[in-house]
Amino acid sequence: MGRIAIVTGGTRGIGEAICLALKDAGMTVAANYGGNDEKARAFTEEHGIPAYKWDVSDHEACQRGVARVVDDLGPVDVLVNNAGITRDGIMLKMTYEMWKEVIDVNLGGCFNMAKAVFPGMRERGWGRIVNIGSVNGQAGQYGQVNYAAAKSGIHGFTKALAQEGAKFGVTVNALAPGYIDTEMVAAVPQDVLAKIVARVPVGRLGHADEIARGVAFLCADEGAFITGSTLSINGGQHMY
Ligand code: NDP
């Protein structure tokens, strides 16, 4: 039976690779995105995967967005909470707005989206939720109290929801990428990035499809016994 999947922030970067990996695994995929219409159009044209625009930090918009996907494709079996943003700055320069925006998109988005799909998954007795965390949520990162807190929160959210889903065939896991060569990382100053890469034992940035393969693994039927865990894919940058 073909599963229906939603990938938030699915039209570029890691999300795009996740959409393709889930499609390859036989799923019918819907990609959500936040604002870049041009990229979304190109994505749909290239991959034949529909793209839906809504802001994951807006609770009601998530409920309406998921309802549209259900109308178009059917009940959602797989949710990948991938949409994320950074608004970096040291504490002395970080504004309340920078803090709130990052928490609302990266962490609030996970709640908003899970709220829309979890009841149906539970009722139908099958579901997969994968939340994209970060090595910086595990280890912390200078200049990222907002992002590290949001990503760290994702790991707690994952473990709590996993306990609620376990008896109903719904697994909930987190995947914590290291530094991956997307536009998000392209925004990091070159000298800072060079220092970060120097600390990665594998000696390079990761590729989006290396993350996507991990997501597809967690979303497979065979993943039924993996829940509440965090899969770290980071070139050995952080081990614990
Ligand atoms: P990109 O910046 O390349 O892409 C981000 C995606 O999220 C885009 O599709 C964007 O949509 C979407 N998005 C942003 N804000 C919203 C919103 N409010 N509502 C809906 N969609 C939104 O990011 P990456 O691919 O690099 O990152 C993907 C995930 O992986 C993020 O959660 C990130 O934190 C995490 N991660 C990334 C790492 C990396 O090194 N790249 C490392 C560790 C974790 P649009 O195109 O419309 O703007």
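Me: Two strands pair if DSSP finds at least two bridges between them. What makes β5 and β6 a pair?

Reply: Six bridges join β5 (residues 127-132) to β6 (residues 170-177), so the pair meets the definition. The two run parallel. Asn131 stands opposite Ala174 in β6. The model is predicted: local features need pLDDT of at least 70, side-chain atom pairs need 80 or more, and totals for chains, interfaces and linings use all residues. Numbering starts from 1 along each chain as its sequence is written.

Me: What makes β3 and β7 edge strands?

Reply: The open sheet runs β3-β2-β1-β4-β5-β6-β7, with parallel pairing. β3 (51-53) and β7 (230-233) each have a single partner, so one side of each lacks a neighbour in the sheet. The twist averages 20 degrees from one strand to the next, between axes fitted to C-alpha atoms, taken N-to-C on a scale of 0 to 180 degrees.

Me: How do you know where α4 bends?

Reply: The bend is the angle between axes fitted to the seven residues ending at a residue and the seven starting there. At Gly108 that angle is about 45 degrees. Just after α4, Gly125 takes a positive phi of about 75 degrees.

How values were computed:
Helix = DSSP H or I, 4+ residues; strand = E, 2+ residues; numbered from the N terminus.
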